[in-house]
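Grab a pencil and work through these exercises with the model open beside you. Each task comes with a solution that goes step by step.

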Amino acid sequence: MSRYWNEFPRYEQPDAGELRRKSDASKKKAQSRGKILEPVQVQGRNIAKTWWGKAWCDNLERYADYESRLGRGKRYVRNGSVIDLKIQKGKILARVQGTRKTPYKVEIRISPLSEEKCQDILSRCGKKLENLEALLGGDFPDEMKELFQGKGGLFPEPREISFNCSCPDWALMCKHVAAALYGVGARLDENPLLFFELRGIDVGRFIDVALENRVEALLANMDRKSSRVLDDGDLGTLFGVL
């Protein structure tokens, strides 16, 4: 008697060597046609090294509808299967090498930041000029950790992100989508300001507004007497001068 599960097709996962060979072949073919690729290159086991890159990768578990895809996605990005990754306003476009010769096309769409969240990050960053200097230098201050990772943080919620891949996998987040998203974590290591681009924020405008708000706050407090300023009488008492 025939049994359904015994006849169900099973797909073998390609090994690391096969993935690398196919990835190299796909990159050479694309380059011969004049296409400019931006591959994700990961050194070692850690996909991301900065706290914000790691936080992005940790956040991916909120999107997965099948846990095994995350593990396979990590393997794919470590093997160099993400042969092209471009981050644009509200969109991630990637080509990920899989079992077939032609890489799969991945498109991930992310909603822009709400006005409320944008004002929140403006307020946090503008409290100290050092924060703005760090952002301009391509670094996220430690004070922003809670802003990204906390409840209602800046990382997109599952309802703010959608996936599409040309592979036949039925899962919303297939391993190719997972690999592309992990690749974003590695790319944010190199340039954290890409996060603003992804969430639809003009970095130059953001910095200008944050500086304007900071200057306005300083001017508003100019006439206020600080409790740290001593009167002449207080100075005499302090130094024992009559």
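**Exercise 1: two helices crossing**

The crossing of H4 and H8 is right-handed, meaning that the near helix is turned clockwise from the far one by less than a right angle. Before you start: this is a predicted model, where local features need pLDDT of at least 70 and side-chain atom pairs count only at pLDDT 80 or more, while totals for chains, interfaces and linings use all residues. Residues are numbered from 1 along each chain as its sequence is written, and side-chain values use heavy atoms, with hydrogens and water left out.

Task: work out how H4 and H8 pack, and which residues make the contact.

Step 1. Find helix H4 at residues 68-78 and helix H8 at residues 175-190. Helices here are DSSP runs (H or I, at least four residues) and strands are too (E, at least two), numbered from the N terminus.

Step 2. Take the angle: about 60°, with the axes 7 Å apart. Axes are lines fitted to C-alpha atoms, for helices over the stretch in contact, and angles run from 0 to 180 degrees between N-to-C directions.

Step 3. H4 and H8 are therefore oblique to each other; under 35 degrees is roughly parallel, over 145 roughly antiparallel, 65 to 115 roughly perpendicular, and the rest oblique.

Step 4. List the contact (heavy atoms within 4.5 Å). H4 brings in Arg69, Leu70, Arg72, Gly73, Lys74, Tyr76 and Val77, and H8 answers with Lys175, His176, Ala178, Ala179, Tyr182 and Gly183.

**Exercise 2: the sheet**

Task: trace the strand order and say what lies across the sheet.

Step 1. The open sheet has four strands in the order E1-E2-E3-E4, with antiparallel pairing. Two strands pair if DSSP finds at least two bridges between them.

Step 2. E1 and E4 (161-165) are the edge strands, each pairing on one side only.

Step 3. Six bridges join E1 to E2 (residues 91-96), and Lys86 stands opposite Leu93 in E2. Two residues sit between E1 and E2 in their hairpin, and Gly90 in the turn has a positive phi of about 70°.

**Exercise 3: one arginine**

Task: is Arg199 buried or exposed?

Step 1. Look in the loop between H9 (194-198) and H10 (203-220).

Step 2. Its relative accessible area is 1%, so Arg199 is buried (under 20%; exposed is over 50%, partly exposed in between, 1.4 Å probe, protein chains only).

Step 3. Arg199 and Gly90 are 109 residues apart in sequence, yet 5.5 Å apart in space, C-alpha to C-alpha.
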